[in-house]
Amino acid sequence: MKVGRQYLGRMVEVTWRDPGHDRYKCRQEDASDLPKGMAALATWKERGILDDMTDGILRIRHSDACEPRSDRPDEFLVTWVPEALVESILAYVVESPVSP
């Protein structure tokens with residue numbers, strides 16, 4: 001799926017298909033019951049800030065961390081997703097916190 005640049009900098013939920021490998025017990029001697037196509041791929045949902053789209057790869061930042069008594073993040077939890085494997089994307093509206 002082509003992801004538009006309007007999502008950059010936004011809080012998003014990206015649903016994507018993850019290629020991989022697995023052991024599969026066939027019931028048919030000719031292996032005709034092996035999964036095919038998209039059905040063979042796992043589905044993931046990533047939520048975070050879409051902060052980069054370079055070379056067809058989406059970078060989703062989930063969280064930042066820093067050492068005690070520091071304001072400068074030095075660790076990031078990030079997922080990189082190939083744009084071609086994205087099934088859907090939605091943007092969240094982040095509301096301002098309400099003071100009591």
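Is Cys66 buried or partly exposed? With a relative accessibility of 37%, Cys66 counts as partly exposed, because that label covers whatever falls between buried (under 20% relative accessible area) and exposed (over 50%), using a 1.4 Å probe and protein chains only. Cys26 gets the label too, since its relative accessible area is 28%. As for disulfides, meaning pairs of cysteine sulfur atoms within 2.5 Å, a search of the whole structure turns up zero.

A quick word on what you're looking at: this is a predicted model, where local features need pLDDT of at least 70, side-chain atom pairs count only at pLDDT 80 or more, and totals for chains, interfaces and linings use all residues. Residues are numbered from 1 along each chain as its sequence is written, and side-chain values use heavy atoms, with hydrogens and water left out.

Now to the inside. A nonpolar core here is a set of buried Ala, Val, Leu, Ile, Met, Phe, Trp, Tyr and Cys residues joined through side-chain atoms within 4.5 Å. The largest one has 13 residues, and Val3, Val14, Leu50, Leu58 and Ile89 are the ones that touch the most other members. Two or more residues each come from β1, β2, β3 (57-65) and β5, with β1 giving the largest share, three residues. Strands, by the way, are DSSP runs of E with at least two residues, numbered from the N terminus. Take Val3: leaving aside neighbours within four places in sequence, Val3 is in contact (heavy atoms within 4.5 Å) with Leu50, Met53, Leu58, Glu83, Val86 and Ile89.

Thr15 counts as buried because its relative accessibility is 7%. Skipping neighbours within four places in sequence, its contacts are Thr43, Trp44, Lys45, Leu85, Val86, Glu87 and Ser88.

Next, hop to the loop between β1 (11-18) and β2 (42-54), where you'll find Met38. At 41% relative accessibility, Met38 is partly exposed. Not counting residues up to four places away in sequence, Met38 touches Arg17 and Glu87.

Finally, look at Leu90 in strand β5 (residues 86-91). Leu90 is partly exposed, at 37% relative accessibility. Together with Tyr92 and Val94, Leu90 makes a nonpolar surface patch of about 270 Å².

Note on methods
Patch = residues over 30% accessible without salt bridge, like charges linked within 9 Å, V, L, I, M, F, W, Y side chains within 5 Å. Areas by Shrake-Rupley, 256 points an atom, 1.4 Å probe, with all protein chains shown as cover. Salt bridge = Lys/Arg side-chain N within 4 Å of Asp/Glu carboxyl O. Helix = DSSP H or I, 4+ residues; strand = E, 2+ residues; numbered from the N terminus.
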